[in-house]
Amino acid sequence: MVPDKACLVCKKTSNGMHFGALTCRACAAFFRRATVLKLQYKCKQGNSQCNIDGRGRYVCRQCRLKKCKAIGMNEEKVQLDYDPTYSFRGLMEDSGSDECSTPTGSPAQSEYSPTNLSRKNSIESPEVDPNFLFTFSPKVPDKPNMVIDFSGLVKKIETCFSIKTMKDESELEAMTAALKSFRQGQKPQNELSVLEKVDVTTTVEWLNERIYKYSCWFASSKSLMSLPMDQKMQVFRSSWNVVRTFERLEQSVKVFEEDVMKFGSMVVTDDFAMQWDKTYVDLASITELTNQYFNKLFEPFMHRYIEEVARPLLDLKPTTEEVVFCMVHLIGLEDADFALETQEACEQMRAEIADQMHTYYTNQTDIKMYSHRLLILMKLVKSMKRISREKSKIKELIWLFDIYHADISEPYFFEMF
């Protein structure tokens, strides 16, 4: 990490100026939330001298807020930059994408607007109360937050990223072999257990296991592993969840075929599966909002994943190499704060994979006219990016307003939806 680019609050990597000071997104969101909601905290140690650097930044909110103000974060800039009546729907329509933009004074009529999505999937799109984040029951002050610590996982990932491979393989060969190894333990449909309810503790255990497995797949890329450790971790944190979502969708189509479309059947781990309308994560230990409410928020995105990604995958029946091609093109595209060296490494990886796909199609398959398949694959990548970008707007507000009453050491890794 470059010292002059560190967040002045927690010392982690910053991503620019927020409210008058150089900070990371997490500290900026924390300061905005505390200011907008006029939150008051008590020092956990009682002396207002808690260490909030690095992993310890989430230990004491009072000291974190004090540090925010000490480095020059300005409450007036928060008020000028924030409209508390701004609705989820408005935020979604203003996602920054030209594809989803709507002319002034015109109603949103894109293919993926709530109205058309409802019509397309024969379900009622959820109406989200724009003020619900201000009206839910407040956390009981004396109830301690659940601690979700991913620090051990981070160390394992860094160790994985430190191992140098000596195999003389192309990027496509190495990443294809790694994905096959990743999926080696996957059980067939008739041996999978379908989940009904999963608690937060079990979910975190699975996240630790699955995220590490994805890091091993990332580590198979020579281009990515040529980067300094802090840049490797930045790419992984920003990309693992969208890569995970696509990989699970494709694996689910392989295992369940049409049942993905009929019942929302999805592979969760090697041993367990879920059905969207029957399985839920019990979040009662970390939030007052109901599980039904979270399902209502995220169900439209699940339908879009099925229609825009799973269904084309079922028709295409991609090879493992083609799945790798898509996963690679989902890496590193959602974080504009990458250093030039990081951007070049990601571009090099994508370029090498694209070149090696020609060799793969020519020498290892009977598919000689493959351009139409590459077009379909790139369309899938585009759909994944668009859905992920729009879904992230809701997730940002969930973090912004502290909906999860938990001290989470690595918020990037606490991704359930």
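Leaving aside neighbours within four places in sequence, with which residues is Ala-178 in contact? The answer is Trp-217 and Ser-220, where contact means heavy atoms within 4.5 Å. The model is a predicted one, in which local features need pLDDT of at least 70, side-chain atom pairs count only at pLDDT 80 or more, and totals for chains, interfaces and linings use all residues. Residues are numbered from 1 along each chain as its sequence is written, and side-chain values use heavy atoms, with hydrogens and water left out.

**The chain as a whole**

The chain holds 16 helices and 9 strands. Helices (H or I, at least four residues) and strands (E, at least two) are DSSP runs, numbered from the N terminus. Of its 417 residues, 50% count as buried. Buried means under 20% relative accessible area, exposed over 50%, and partly exposed in between (1.4 Å probe, protein chains only). The chain exposes about 20500 Å², and carbon and sulfur atoms supply 52% of that area; the areas come from the Shrake-Rupley method with a 1.4 Å probe, and for residues only the protein chains shown count as cover. Among contacts between residues at least 6 apart in sequence, 76% join residues at least 24 apart.

**Ala-178**

Ala-178 belongs to helix 8 (residues 171–182). Its relative accessibility is 17%, so Ala-178 counts as buried.

Two packed helices are described by the angle between their axes and the distance between the axes. For helix 7 (residues 151–162) and helix 11 (residues 229–256), the axes come within 11 Å and cross at roughly 115°. Here axes are lines fitted to C-alpha atoms, for helices over the stretch in contact, and angles run from 0 to 180 degrees between N-to-C directions. The crossing of helix 7 with helix 11 is right-handed; a crossing is left-handed if the near helix is turned anticlockwise from the far one by less than a right angle, and right-handed if clockwise.

On the helix 7 side the contact involves Val-154, Ile-157, Glu-158, Phe-161 and Ser-162, and on the helix 11 side Met-229, Lys-232, Met-233, Phe-236 and Arg-237. These residues divide into 6 nonpolar, 1 polar and 3 charged. In this division Ala, Val, Leu, Ile, Met, Phe, Trp, Tyr, Cys and Pro count as nonpolar, Asp, Glu, Lys and Arg as charged, and the others, Gly among them, as polar.

Glu-410 lies in the segment after strand 9 (406–408) and is buried because its relative accessibility is 5%. Its side chain makes a polar contact of 2.8 Å with the side chain of Arg-237. A polar contact is a pair of N or O atoms within 3.5 Å; within protein, one must be able to donate a hydrogen and the other to accept it, and residues adjacent in sequence count only if both atoms are side-chain atoms. The C-alpha atoms of Glu-410 and Ala-26 are 10.0 Å apart, although 384 residues separate the two along the chain.

Thr-365 sits in the loop between helix 15 (340–364) and helix 16 (371–400). With 13% relative accessibility, Thr-365 counts as buried. A polar atom of its side chain lies 2.7 Å from the backbone oxygen of Tyr-361, and the side chain of Thr-365 also reaches the backbone nitrogen of Ile-367 at 3.1 Å.

Tyr-361 and Ile-367 are among the residues in contact with Arg-373, as are Leu-316, Lys-317, Pro-318 and Glu-322. Arg-373 is in helix 16, and it is buried, with a relative accessible area of 12%. The side chains of Arg-373 and Glu-322 are joined by a polar contact of 2.8 Å.

Lys-317 is placed in the loop between helix 13 (291–316) and helix 14 (320–329). Phi of Lys-317 is near 50°, a positive value in a residue other than glycine. Lys-11, in the segment before strand 1 (17–18), likewise has a positive phi, of about 75°, and is not a glycine.

**Accessibility of three further residues**

| Residue | Relative accessibility | Class |
|---|---|---|
| Lys-317 | 58% | exposed |
| Lys-11 | 38% | partly exposed |
| Ala-354 | 36% | partly exposed |

Ala-354 lies in helix 15.
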